[in-house]
Amino acid sequence: TNYCLVQLDDGKANAISPQMALELNAALDLAEATTKVVVLTGRPGKFSAGFDLSIMGKGGEGQSALLRDGALLAQRLLHFPTPIVVAAPGHALAMGGMLLLSTDYRIGIDGDFKIGLNEVAIGMTMPYFGVVLAQFRISSTHLNRAVMQAEVYNPTAAVAAGFLDEVVAPESLMACAIAKAEQLAGLHLPSHK
């Protein structure tokens, strides 16, 4: 195969905690060593619900450290030497939305799923790196709505907004992601990097 599969699965909402960031970076280290395209996915119904709110709600150094982890993770995904295809099997909110904005090609599934940057709606200031990611990937007609009004999109609307590149039937998700990964593996990868 021309791809390496990385799956987020904490058995719950796939919240980005210090442990999840550590494990995801370790998986990315292994994937990077293969020099293959990465397919990044979640668990059924969930890509990622964003930062661990039990840490973010306490403020202080724990919150600062987790924000730093998230910023570095987004930066790593953006600068990854091979393409990263996301197969999003459900909800992607807050930092989960930022993960989508940090990757090369994003496939979601049809269904009653929420995708967006809902920080402002839940009493959090949007981190600066999230604003920059949104400016980079979100359609200009959706930028204010997505960032400052915390609009949450269904998967189809998330394509128009810029969070996803396409939406497929749930049973087709992995096959479509693998096909896209195989296609991207045909690029001249040093040029992509």
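The model is predicted, so local features need pLDDT of at least 70 and side-chain atom pairs count only at pLDDT 80 or more, while totals for chains, interfaces and linings use all residues. Residues are numbered from 1 along each chain as its sequence is written, and side-chain values use heavy atoms, with hydrogens and water left out.

We begin with the strands. Helices (H or I, at least four residues) and strands (E, at least two) are DSSP runs, numbered from the N terminus. Two strands pair if DSSP finds at least two bridges between them. Five strands make up an open sheet in the order E1-E2-E4-E6-E9, and their pairing is parallel. Strand E1 (3-7) and strand E9 (166-168) stand at the edges with a single partner strand each, so one side of each has no neighbour in the sheet. From one strand to the next the twist averages 25 degrees. Here axes are lines fitted to C-alpha atoms, for helices over the stretch in contact, and angles run from 0 to 180 degrees between N-to-C directions.

Helix H8 (residues 173-185) packs on this sheet and touches E1, E2, E4, strand E6 (105-109) and E9. The direction of H8 makes about 170 degrees with that of E6. Contact means heavy atoms within 4.5 Å.

Within the sheet, strand E2 (residues 37-41) and strand E4 (residues 84-87) run parallel and are joined by four bridges. Leu 40 has Val 86 in E4 as its bridge partner. E4 is in turn joined to E6 by three bridges, again in a parallel run, and Val 86 stands opposite Arg 106 in E6. Three bridges also join E6 to E9, which run parallel; Gly 108 has Val 167 in E9 as its bridge partner.

How many of the five residues of E6 are buried? Five of the five are, so E6 is largely enclosed by the rest of the structure. Buried means under 20% relative accessible area, exposed over 50%, and partly exposed in between (1.4 Å probe, protein chains only). Tyr 105, Ile 107 and Ile 109 point one way from E6, whereas Arg 106 and Gly 108 point the other way.

Another open sheet has four strands in the order E3-E5-E7-E8, with mixed pairing. Strand E3 (45-48) and strand E8 (152-153) are at its edges, each with a single partner strand, so one side of each is left without a neighbour in the sheet. E3 pairs with strand E5 (residues 90-93) in the parallel sense over three bridges, and Ser 48 has Ala 92 in E5 as its bridge partner.

Next comes helix H5 (residues 128-137), where Phe 129, Gly 130, Leu 133, Ala 134 and Arg 137 are buried. Seen down the axis of H5, these buried residues fall within an arc of 140 degrees, so they line one face of the helix. The arc is that of the directions from the helix axis to the C-beta atoms. An α-helix has 3.6 residues a turn, so residues three or four places apart point the same way. The buried residues of H5 pack against helix H3 (60-78), helix H4 (95-101), E6, helix H6 (143-147) and helix H7 (155-161). On the face of H5 turned away from its buried side are the exposed residues Tyr 128 and Gln 135.

A nonpolar core is a set of buried Ala, Val, Leu, Ile, Met, Phe, Trp, Tyr and Cys residues joined through side-chain atoms within 4.5 Å. The largest such core has 42 residues, of which Leu 40, Phe 47, Met 95, Leu 99, Leu 100, Leu 117 and Phe 163 touch the most other members. H4 gives the largest share of this core, five residues. Apart from it lies another core of 14 residues, including Val 37, Val 39, Phe 113 and Ala 181.

Two single residues remain. Asn 14 is in the loop between E1 and helix H1 (18-34) and counts as buried, at 0% relative accessibility. The side chain of Asn 14 reaches the backbone oxygen of Leu 8 at 3.0 Å and that of Phe 47 at 3.1 Å. Arg 76 lies in helix H3 and also counts as buried, at 17% relative accessibility. Leaving out residues up to four places away in sequence, Arg 76 touches Asn 25, Leu 28, Asp 29 and Glu 32.

Definitions and conventions:
A polar contact is a pair of N or O atoms within 3.5 Å; within protein, one must be able to donate a hydrogen and the other to accept it, and residues adjacent in sequence count only if both atoms are side-chain atoms.
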